[in-house]
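Please keep the structure open beside them and look up each part as it comes up.

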Amino acid sequence: MKRREFITLLGGATIAWPLAARAQAQQVAMPVIGFLHPGSPEANAKFTAGFRKGLSETGYVEGRNVAIEYRWAHGENGRLPELAADLISRPVSVIATPGSVAAAVAAKAATTTIPIVFMIGVDPVQAGLVVSLNRPGGNVTGTTSLNAGLMAKQLGLLHQLLHRDARFAFLVNPNNPQSRSVVTDVQATASAMGQQLEILTATTNRDIRPAFDVAVRKRTDALLIQADPLFANRPVQLATLAARHAMPAIFTLREFAEAGGLMSYGSNLTDLFRLTGIYTGRVLKGEKPADLPIQQATKFEFVINLQTADALGLEIPPTLLAVADEVIE
C-alpha cells in the first residue's frame, strides 16, 4: 500500500471512529420506559396512543428519543410481579402502570428506586401507593380517575331512567381489592332508594357471559358494571351481551356507549392515559415523583346511546337528556 493511501485510510478511520462512538453513546443514552398493564395491546391501542401523545407533549417520541418496553398480563394479574421484575432487570428509567391498582402495587413492591407513574380509579392513599395526594413521597406518583367512586351515581342514573321499582344487578370482579368497599357503597345506595340489588361476579373473560345469563334468570331490569380492568378491556363484548339480552346497562367508559351500550358515565380514559404520559415525560426530564402531586380527574362524561334506547323500547327522560354530555343518535 502506498504511503498516501495509508494516510488517507487512517484519516478516514480516525474520523469514522468518533462518529460511530458518538452514535453508540446516543443509543445507549436513550431512556427506556417500562409500560406495565394488566390487559392486552389489542384492547388498549386507543389508550396507549393517548399515553404516547402525552409523552410527545413533553418532547419525547417513541423510537426517536425514547424507547418503551411493553409488558402485558393479558388479564392474568398473577403475572404482574414477574413482568415488573423483568422490566427492572432491563433496566428502565421509569415504569408507567396505567390502568390498574394491581400493576401499580406490583411495580412498587419490585423497586423503591425506579420512578413509578400510575393511573388508577381509586384513592391512591387508601390503596397504599402514596402517603399524600399533594406530596406523594417515595418513588411513586400518578393520576386517579376516581371512577370507582362513581358506581352509586351510575345506579342513580339507571333509576332515573326506569323511574320505577326495579331489580338491579351489579357485575363486579371479586379479585379487585376495592370490590368489597364499592359493593358496600352501591348496596347502601340501592337500599336508600328502596331498590333490589343482585351481585354478579366475574374474575376472567370466560365468566362474563355466564354472569349475563344469571342476570337474565334473575329477571334483572338493568345492569351496573364495575370500573375494573377486566371489564375496561372489553367494552364491545359487554355492549354486545347487553344488546343480546335486551338489558339496559351503564358502564364507566364512553367506549361502551359508542359500541352500543345504553349509557356511560365516567372520566375520559384516553385523556387520563395522556396525563400519565405527560407525568412520565416530566419524570424523564428529572422531576421527582415525590414532588409531583397526584392528578385527579375533574371532568366526567355522561353519554347516552339513543339508538340503543329505541331498540330496548325505552324513552329517555328529558331530565337525563338535559344533563348528557353527548347523545348518540
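1. The lining of the largest pocket draws at least two residues from each of four elements, namely helix H4 (101-110), strand E4 (116-120), helix H8 (229-232) and helix H11 (269-284). Please bear in mind while reading that this is a predicted model. The volume of the largest pocket is about 660 Å³, and of the 41 residues that line this pocket, Gly99, Ser100, Asn176, Asp228 and Pro229 are the closest to its centre. When these lining residues are sorted by class, 20 are nonpolar, 19 are polar and two are charged.

2. The second largest pocket has a volume of about 210 Å³. Its lining is made of 13 residues, and those nearest the centre are Val122, Asp123, Gln126, Ala148 and Ser181. Six of the lining residues of this second pocket are nonpolar, five are polar and two are charged.

3. Which residues of H4 are buried? They are Val101, Ala103, Ala104, Ala106 and Ala107, and these buried residues pack against strand E1 (32-37), helix H3 (80-88), strand E3 (94-98) and E4. As a reminder, an α-helix has 3.6 residues a turn, so residues three or four places apart point the same way. At the start of H4, a side-chain oxygen of Ser100 comes to within 3.5 Å of the backbone nitrogen of Ala102, and Ser100 is also one of the residues closest to the centre of the largest pocket.

4. Thr144 and Ser145 can be read together. Thr144 belongs to strand E5, while Ser145 sits in the loop between strand E5 (140-144) and helix H5 (151-162). Thr144 counts as buried because its relative accessible area is 1%, which is under the 20% limit, and Ser145 counts as buried because its relative accessible area is 4%. A polar atom of the Thr144 side chain lies 3.3 Å from the backbone nitrogen of Leu146. If neighbours within four places in sequence are left aside, the contacts of Thr144 include Ile120, Gly121, Val122, Asp123 and Pro124, and also Ile294, Gln295, Gln296 and Ala297. With residues up to four places away again not counted, Ser145 touches Ile120, Gly121, Ser267, Leu272, Ala297 and Phe300.

5. Strand E6 (residues 167-172) runs parallel to E8 and is joined to it by four bridges, with Ala169 standing opposite Leu223 in E8. E8 is in turn joined to E9 by two bridges, again in parallel, and here the bridge partner of Leu223 is Ala249. Two further bridges join strand E9 (residues 249-251) to E10, also in parallel, and Ile250 stands opposite Met263.

6. In a regular strand the side chains alternate between the two faces of the sheet. Strand E8 (residues 222-225) has Ala222 and Leu224 on one side and Leu223 and Ile225 on the other, and all of them are buried, which leaves both faces covered. In strand E10 (residues 263-266), Met263 and Tyr265 point one way, Ser264 and Gly266 point the other way, and all are likewise buried.

7. E10 also pairs with strand E12 (residues 301-305), but these two run antiparallel and are joined by four bridges; Ser264 stands opposite Val303 in that pairing. Not counting residues up to four places away in sequence, Phe302 touches Met263, Ser264 and Tyr265 of E10, and its other contacts include Leu157, Leu320, Val323 and Glu326. Phe302 and Glu326 are 24 residues apart in sequence, yet their C-alpha atoms are 6.7 Å apart in space.

8. The secondary structure comes to 13 helices and 13 strands, and 49% of the 329 residues count as buried. Along the principal axes, the C-alpha atoms fill a box of roughly 100 × 40 × 35 Å. Among the contacts with a separation of 6 or more, 70% are between residues 24 or more positions apart.

Key:
Residues are numbered from 1 along each chain as its sequence is written. This is a predicted model: local features need pLDDT of at least 70, side-chain atom pairs count only at pLDDT 80 or more; totals for chains, interfaces and linings use all residues. Side-chain values use heavy atoms; hydrogens and water are left out. On a 1 Å grid over the protein atoms alone, a cavity is a set of points where a 1.4 Å probe fits but cannot get out, and a pocket is an open set with protein on both sides within 12 Å along at least five of seven lines; lining residues have an atom within 4 Å of a point. Grid points are joined across faces, edges and corners, and a volume is the space filled by probe spheres set on the points. Ala, Val, Leu, Ile, Met, Phe, Trp, Tyr, Cys and Pro count as nonpolar, Asp, Glu, Lys and Arg as charged, and the others, Gly among them, as polar. Buried means under 20% relative accessible area, exposed over 50%, partly exposed in between (1.4 Å probe, protein chains only). Two strands pair if DSSP finds at least two bridges between them. Contact means heavy atoms within 4.5 Å. A polar contact is a pair of N or O atoms within 3.5 Å; within protein, one must be able to donate a hydrogen and the other to accept it, and residues adjacent in sequence count only if both atoms are side-chain atoms.
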